[in-house]
Amino acid sequence: MTTTTAPTDSRPRRADAPQRTVHAGTRRRRPRRPLRWLILAAAVLIALVMLAPLVLLVLNAFKTGTDYSAHGPLALPTSWSLQSFQDYLDRVDFLRALWNSVVISTLVALLGTLVSLLSAYAIGVGRVRGSTALLAVFLLATMLPQEALIYPLFYGAQATGTFNTVWSVIIVFTVLQAAFGTYLLSSVMSTLPPSLLEAAALDGAGRWRILWSVVYPVMRPTLSVLMVFFFVWTWNEFYIPLILLSDQSVQTVPIALATLQGQNSIDITSLNAGSLLSLLPTLVFFIIFQRTLSRGVTVGSVK
Amino acid sequence: MTTATPSAAPPLRRRRSARRAGYWMYLLPMIIGTAVIVLLPFAVNVFISLFRWKGGIAPMRWNGLQNYVDLLHDSQFWLAFTNTIFMIVGIVIVPTLLGLLLAAMLFDYIGREFGGRTAAFLRATYYLPQILPIAVAGFIWSWVLATQNGLLNSVIEALGVKSPPDWLGDPNIAIYAVMLMLIWLQLGYPVVIFMAALQRVDPELYEAASLDGAGWWRRFRAITVPQIRPEVFVVVITATVGALKVFAPILILTGGGPEGSTVVPSYYSYRNFFELSKVGYGSAIATAMSIVIFLVAGVMLWLQRRGAREEAAG
C-alpha cells in the first residue's frame, strides 16, 4: 500500500524543484534535500538515544566482573566471556521462570484479546443499554491502583486454592487487560461505518457471523497490536505476581531478576547478563510480531 | 436492497429487540470477571481502610474515617501528590507530544521518502523500552544514573566534566532523573498506537492535501491530529492514569528518597502496607488515590464523550 503511494507523491515535488529555481524570489517551498536528511538524522538520533542503554547492557553482559571494575562501563570487553551468564544461571532456575512467564503471558494475551473483542462488540456495535456506564466501570478497573486490590486478592487467591499457582495471575490479568482492551476496541468499533454492518445483517448474517466475518477482519490490525501489548505488559508485571507467586517454583522471569538485584554479593555484570536473558524472550516475540503486524495491516487496509 | 425492505419490516423489528438482548451474552465473561477481580476486592479494600490493622491475624480495630482525617494532615501524603505532577510531565505530556510528531513524521514523511522499512525500523527502536520488564528497566536506569561508574556520568566525564551530578542522590534533581527514565520508557507507546491509527486514515486525504500545496505541518494539523483523535484521547487518559499510579520506577530507582523527595502515592501506600505494617492506613491511601484517579479520569472521559458528540454533530 505505502509503496504505491510513494512514487505518485514524490513526482509532483520533483517537478516542482526546477520551478523553484525559476521563481527564486518567491520561495514557495522549503529546500527539500537538506531538510529531508535533517529529519532522518533527528529520527535516527532519537533512536540511538533510546538504544544506547541497551547496547551497553549487552556489551557489559559479556565482560567479567574484574574487566568491568578495571575499565568501566563504556569500554569494549577485553575478551568476550560467558562467565556472567554462568554466574546468573547458577543462582536462578531460569528455565522454570521462563516457562512460568510464557504460560502466563500467552494465555493472558489470547484470553484477554478474545474477551475484549467480545465485550467491545456488544458495546461498540451492539450498543447495549447502559454501555456508557459499563465502559466507565471497565475503565475504572484499568485505572485502579493495584495497591487497592492486592490485599483482598491475596486472601481471595488463598481461599480458592489458586495462591502460588499461575492461575491466580492469569485470571487477574485477563480481566485487567481485557478491561483496557474493551475500552480501546469499542471506541474504535463505534467508528465502523454502520452501512457495513447493516449490509451484512440484511444478508441474513447473525451476530456471531457478523462478528467473525465483518468486524474481526477490519479490527485485526488493532487486535494484533492489543495482543502484543497484553503479552508484554503481563510479562513485565511486577507487583501482583510478586505477592501472589511468592514461591520460587512459580516465579516469573522479572521477579527472579528483581529478587537477585537486592543482594549485594552479585556482580553488576551478572545482573547485566540476567537482564539480557530476561528481556530476550519478549524481544524475540516482538520481532516476530513486527512481521505479523505489517501483514495484518496490509490485509486490513485492502478490505 | 429495496425489494427486501417491505417484506422484511415486521421481522426486522422483532429481530432488533432480540439482537439487543443477545449482545449481553458477549459481555458475560467480562462482567463476571470485573465483579470478582475488581469490584469486590476494591470494596473490601475500602472496608479495611476504616480499621486500624497490622495485617494477618492481628486484631482489626474500628477507626471510622480517622485514617482519612490523618491523611489530610500528613505532609508526606501531600508531597507524594505534588510529585505526581512530575510523573504526568514525564509520562503523559512529553511522550504524547513527541509521539504525535514522531508518528506523523515516520508515517507521513520518512515512510514516503525513505520507505516503509526505515519507518518500521525506527518505530521498533522507539518501542523497544516498552517491552522491557520494569525490573530490567529499573536495573538499567539505576546503572545509567549511578554516581560511580554510571553510564551517564561516564559519558559526561569522558566529555571532560570534572564533577558530574549525583543524579539519584541530590534531592533537588532526583525527580528529574526519574523523569528521564519515564520518558525513555513511555515514548514508544504513543508512537505505535498513533502509527496504527494512521493506517486507518484514507491516504487520499494526504494526497489531495499535498496536491493542494499543503506543507507537512499543515497536513499534520489539519489531517493527522483530527483523524486520530480517538487514539490520542485513549493514550492521554491511560498515560495519565499510569502517571498517577507510578510505583516500580520509584521503588527501584530511589525508594522514595533522597530525603523523601521522590515519594509518590502508590509507593507511600506500599510503605505503609509492607514496611510500617499499617494496613488500614495503606488501604486509606490506596482508596484516596483511587478517588483522585477516578475524578481526573472522569473529567477526561467526559471531555472525550463531548468531543465525540461534537464531531458526530459537526
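## Helices α4 and α12 of chain B

In this predicted model, the crossing of α4(B) and α12(B) is right-handed. Helix α4 covers residues 75-113 of chain B and helix α12 covers residues 229-245; their axes lie 8 Å apart, at an angle of about 155°. Angles over 145 degrees count as roughly antiparallel, so α4(B) is roughly antiparallel to α12(B).

On the α4(B) side, the residues that meet α12(B) are B:T84, B:M87, B:I88, B:I91, B:V92, B:P95 and B:T96. Their partners in α12(B) are B:V235, B:V236, B:A239, B:T240, B:G242, B:A243 and B:L244. Sorted by class, this contact has 10 nonpolar and four polar residues, and no charged ones.

## Helices α5 and α10 of chain A

In chain A, helix α5 (residues 94-125) and helix α10 (residues 207-236) cross at roughly 140°, and their axes come within 8 Å. That angle makes α5(A) oblique to α10(A). The crossing of α5(A) and α10(A) is right-handed.

Residues of α5(A) in this contact include A:S101, A:I104, A:S105, A:V108, A:A109, A:G112 and A:Y121. From α10(A), the contact includes A:L211, A:V215, A:L223, A:F230, A:F231 and A:W235. The residues of the contact between α5(A) and α10(A) comprise 14 nonpolar and seven polar, with no charged residue.

## The interface between chains A and B

Contacts between the chains involve 83 residues of chain A and 78 residues of chain B. The side of chain A that touches chain B has 58 nonpolar, 21 polar and four charged residues. For the complex, the predictor gives an ipTM of 0.79 and a pTM of 0.79.

Leaving aside neighbours within four places in sequence, A:A148 is in contact with B:F42, B:N45, B:A286, B:T287 and B:S290. A:A148 counts as buried because it has 29 C-beta neighbours inside 10 Å, where the cut-off is 20 or more. A:L95 is 53 residues from A:A148 along the chain, and the C-alpha atoms of the two are separated by 32 Å.

## Two residues with positive phi

Most residues other than glycine have a negative phi. A:N164 is not a glycine, yet has a positive phi of about 60°. A:N164 lies in the loop between α7 and α8 (166-189) of chain A. With 16 other C-beta atoms within 10 Å, A:N164 is partly exposed.

B:E259 also has a positive phi, near 55°, and is a residue other than glycine. The position of B:E259 is in the loop between α13 (248-253) and α14 (265-275) of chain B. B:E259 has 12 other C-beta atoms within 10 Å and is therefore exposed, since the exposed class takes 12 or fewer.

## Confidence in chain B

Chain B has a mean pLDDT of 87, and 93% of its residues reach 70 or more. Within chain B, confidence is highest in helix α2 (residues 24-48), at a mean of 95, and lowest in helix α1 (residues 4-22), at 52.

Over residues 1-10 of chain B, pLDDT stays under 50. For this stretch the model has two contacts beyond four places in sequence.

Conventions
Residues are numbered from 1 along each chain as its sequence is written. Chains are lettered from A and ligands numbered from 1 in the order in which they are written. This is a predicted model: local features need pLDDT of at least 70, side-chain atom pairs count only at pLDDT 80 or more; totals for chains, interfaces and linings use all residues. Two residues are in contact if their C-beta atoms, placed from the backbone, lie within 7 Å. Axes are lines fitted to C-alpha atoms, for helices over the stretch in contact, and angles run from 0 to 180 degrees between N-to-C directions. Helices (H or I, at least four residues) and strands (E, at least two) are DSSP runs, numbered from the N terminus. Angles under 35 degrees count as roughly parallel, over 145 as roughly antiparallel, 65 to 115 as roughly perpendicular and the rest as oblique. A crossing is left-handed if the near helix is turned anticlockwise from the far one by less than a right angle, and right-handed if clockwise. Ala, Val, Leu, Ile, Met, Phe, Trp, Tyr, Cys and Pro count as nonpolar, Asp, Glu, Lys and Arg as charged, and the others, Gly among them, as polar. pLDDT is the predictor's confidence in each residue, from 0 to 100.
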